[in-house]
Amino acid sequence: MDKFVIDGGNRLEGVVRISGSKNASLPMMAASLLTDETCVVGNVPPLADIRTMSMILAELGVSVERTNPTTIECRPGDATAVTARYELVSRMRASFCVLGPLVAKRKKARVSLPGGCVIGLRPIDLHIKGLRSLGARVYVEHGYVVAEADRLKGAEIYLGGAFGSSVTGTANVMMAATLAEGRTVVENAACEPEIQDLAEFLNAMGARISGIGTPRLTIEGVEELGGCRYDVIPDRIEAGTFLVAGAMTRGDLRLVDARLDHLHAVVDSLRRIGVHVYREGGEVRVEAPERPSPIDVTTLPYPGFPTDLQAQFMALLSLADGISVVTEKIYPDRFMHVAELNRMAANIRKEGATTIIMGVPELSGAQVMASDLRASAALVLAGLVAKGRTEVRRVYHIDRGYEKVEEKLRAVGAKIQRLPDE
Ligand code: EPZ
């Protein structure tokens, strides 16, 4: 296991290239189960989660090969296996995205229930409801969700839950519906850019999906899908994390391959606290001349403020000149970073799904523990500006979602090293 050792205090300045989106790549890889032809996917980041999905697909007869540093080829072979094992699914919940493609194409899917998750309860009822509406018989047996159907049938499906739409739930149902007989209309579909990208990818395979980017998706089922070549969108959460890094270190960063149009809520919040974010040529530039002002932020489904940037924003607001309030409306328990940030002399109090952040003038380096992917990113950001040395342990969490984060940060002036942890 590795740890990051960070000596805080350096202003970040320079150019950062944003990698392809992890959360768009993963369901596309699962979608390769829908065809007998090869899918070539570009701009796929070399991350631990991508390797986990490759292992799952290998067991399902699809070989995934990296043909260059950013391109993968998903080549289908033996199409008889239908099981995604607990050992792999429990490592990464996005594995559950193979459920829809498997039942649509192979008539049966057996996918382990993912189990506990550090960011809180993560039910899968909407995935099951959607597939049942398409006519699949779905039941739980020995810790596995089993779905069976000779041929799925198009249906009208309302896919909203207590916390709004579901990203991977929409992915599962949309993928399954591409091969269903007739028309499917999904109401309250997730509008996240990763879902839009998946829909475009499926259309490149020959699917007929319209309403992309809106809460109503219409999918005209087709008899079969073919292979395709497709480039994944840039990772908006990585881009947002670097925007926050620029803001926290009062730096001047230029992001290459970042999509500002996927980050409206984040950019709006940054501007409101005094951070300059703007397009310059093909790049996105962030400059932060002063200590940030406080602000209230509530996470919401897209186009609202993303839960995947809540922890990083909290690290930033812990240095604001006043009191901020951050409310989590997607995962009410996603606050594992609060106690760790407080170990670094932040002053954050949690009341249910809301946190009150009393801004402090500076953070203090400490030994802290990464608990999940985005919480780890928040601790690294805090370490960049904290006085003295910060050690972030269990960085395998961050490796799941950020490509070479320490190299990217070092290249713009951070003092961060990866060392083996005893
Ligand atoms: C996706 O998870 C992302 N993962 C998450 O990113 C992200 O935090 C989340 O969407 C929200 O944006 C991938 O794309 C691989 P949801 P997903 O279903 O699809 C509730 C990261 O850090 N819900 O959209 O699992 C759920 O409890 C990860 O990269 C139901 O009630 O999230 C939550 O409150 C972590 N029933 C809300 O909906 C269901 O059947 C949204 O969850 C499904 C979800």
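From which domains does the shell around the ligand draw at least three residues each? Domain 1 (2–18 + 234–420) and domain 2 (22–231) both contribute at that level, with bounds taken from an automatic or database domain assignment. The model is predicted: local features need pLDDT of at least 70, side-chain atom pairs count only at pLDDT 80 or more, and totals for chains, interfaces and linings use all residues. Residues are numbered from 1 along each chain as its sequence is written, and side-chain values use heavy atoms, with hydrogens and water left out.

Around the ligand lie 22 residues, each with a heavy atom within 4 Å of it. S166, V167, T168, D308 and I330 come nearest. Polar contacts are pairs of N or O atoms within 3.5 Å. A polar side-chain atom of S166 lies 2.6 Å from a ligand oxygen atom. For Y331 the corresponding distance to a ligand oxygen atom is 2.8 Å; for R334 it is 3.3 Å. The protein covers 90% of the 820 Å² of accessible area that the ligand has on its own (Shrake-Rupley method, 1.4 Å probe).

Strand β9 (residues 144–148) is largely enclosed by the rest of the structure, because 4 of its 5 residues are buried (under 20% relative accessible area, 1.4 Å probe, protein chains only). Strands are DSSP runs of E, at least two residues long, numbered from the N terminus. Pairing requires at least two DSSP bridges. β7 (residues 108–112) pairs with β9 in the antiparallel sense over 5 bridges. Here A109 stands opposite A147. β8 (residues 137–141) also runs antiparallel to β9, joined by 5 bridges. V140 stands opposite V145.

Note on methods. Polar contact = N/O pair within 3.5 Å; in protein donor to acceptor, adjacent residues only side chain to side chain. Buried < 20%, exposed > 50% of the residue type's maximum accessible area, 1.4 Å probe, protein only.
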